[in-house]
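Visitor: I'm new to this. Could you walk me through some aromatic rings?
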Amino acid sequence: MEEYTKPLPIRDERSAPFFDGLLDGELRLQHCLACDQWMWPVTLRCRHCLSDQLEWKASAGKGTLYSFALVHQIYHPGFADEIPYNVAFVDLDEGVRVTTNIVGTPNDELAIGSRVELATELVTHDMALAKFRVV
Amino acid sequence: MAASIAVAGLGITEMGKVYGRSASDFAAEAIALALDDAGLGFSDVDGLLVHSNLSPEMTVNLQWSLGFHDLPVLAAIGAYGSTPAAMFNYATRVIESGQAETVVMVYADAPLRPAGSAGAAYANANPPEGMDSVNVAHGFYGANVGYALAAKRHMELFGTTSEQFGAVAVAQREWAVMNPHAQMRKPITLEDHQSSRWVVEPLHLLDCCLVSNGAVAVVVTSSERAKDLRQPPVHLLGLGQFAPGDSKRTDREPGIYTGATEAGRQAFAQAGVGVNDFDFLEIYDCYTYTVIVTLEDYGFCKKGEGGAFVADGKLGPRGALPTNTGGGQLSSYYMWGFTPLSEAIIQLRGQAGERQVAKHDLALVSGNGGFLNFHGTLVLSTRES
Ligand SMILES: [Zn+2]
């Protein structure tokens, strides 16, 4: 694998199940046993009811492209070769809006409202990112 | 409702690439200017409200770094661009109760360094950890990306165009040309806007606010006392605050439906005014898009029609709805909510010189922060009720 030069997520204790899920090809999120809502990002207590009865659960990994933007400014040298690259918000069917990139579609063909699905991308031997592709 | 507090003093330092001074240095200078403007002295101050922002100096510690002592009222208040509404609410309470008589509010920052670019000044903080590190791993840096995502969504839903964003930038630059405090005083055309480089598409460079070193300070006292001081009083007639918050739930989109609707409703009701009563508007403008969506949510036009509403240049010096009359944060200086606040004070007093609006009795001052997550509204007037 080529050297990965973009910033890597920094796994901490609380977020470890999320990153472990991605290595297994799953988008695992917290789900509240008290009110049946899903969480993004990781939290100690439910963002809807403040319950601490949260479980980790795989989402279906399907959603809709809420919006996207094309970054032309180089904020980090690791992205310099891909300018402009897309940053997107995807609305998961579980009810949370996640920050991601859309892969497999040229930027000028991206369309808000498209149905998308999880496409995990292994970037190092122990880190994967939750990207999405148009279905 | 009759006003109980009023602005009696305003101080604005030199703005922009002014190096060699800390945020505290700028704060001290702005406060000295504001007190002098009011005809008051250092020892008259019995309340200090520090605007929390990204500067580590902007805390209650500013009290002793500036030499204040024995203050009965001291707080650092932070709600991003909506902070003035929170500060005026607090100031009203302490002035009405007699806890303090002369309250200074100050915003100061010094993020620019001689070698750094403006965009890098805020974007490259320490690397985040845990879930916060997910954003940068996907290349989501700084506010530009968040606002670009909101603007793109608005364009998709309502057909808003980049040229309509450009109409905001051009109108505000026309104002800035006439503002001696402004950092950008060279006129621009819509073509200049369109040909300025993409920062984060759909935002061109000329859709984005400036970054400034500098400070603004405001002296507030009772409306009664303000009448006996040096400057024409600027009375607070109403205020509102509303924070839609969470934008990570699919049933919410504060980037399209902002807190201006509710903050405005509160402020207008307190002041007993309607949306058509304002002589001019000072609308938080971190981006051109922010102005458009905020105008919609106050009710100046219908949701989705903000782009078409501004396209005829009505926000500019020859337009029907004078807005951001000093150039705003796009063209004058970036002091968060203190940019619209300061310009409203100057215009209401009739001290805006070449850019003075003809009728200047009632102003709407609008603040916004986060990725359109926080909102604050002030209604300021030369009238006491
Ligand atoms: Zn819950």
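Visitor: Is Phe79(A) buried or exposed, and what makes it so?

Guide: Phe79(A) has a relative accessible area of 4%, and buried means under 20% relative accessible area, with exposed over 50% and partly exposed in between (1.4 Å probe, protein chains only). So Phe79(A) counts as buried. By the way, this is a predicted model, where local features need pLDDT of at least 70, side-chain atom pairs count only at pLDDT 80 or more, and totals for chains, interfaces and linings use all residues. Side-chain values use heavy atoms, leaving out hydrogens and water.

Visitor: Why is the pair of Phe79(A) and Tyr141(B) called edge-to-face?

Guide: Rings of Phe, Tyr and Trp (its six-membered ring) pair if their centres lie within 6.5 Å; planes under 30 degrees apart count as stacked, over 60 as edge-to-face and the rest as tilted. Here the centres are 6.2 Å apart and the planes are at 80°, so edge-to-face it is. Tyr141(B) is buried too, at 7% relative accessibility.

Visitor: And why is the pair of Phe268(B) and Phe278(B) called tilted?

Guide: Their centres are 5.3 Å apart and their planes sit at 55°, so that pair is tilted. Both Phe268(B) and Phe278(B) are buried.

Visitor: How do you know that the charged end of Lys303(B) sits over the ring of Tyr257(B)?

Guide: A charge sits over a ring if NZ of Lys or CZ of Arg is within 6 Å of the ring centre and within 35 degrees of the ring normal. For Lys303(B), the distance to the ring centre of Tyr257(B) is 5.2 Å. Lys314(B) lies over the face of Phe309(B), at 4.1 Å from the ring centre.

Technical notes
Residues numbered from 1 in each chain as written. Chains lettered and ligands numbered in written order.
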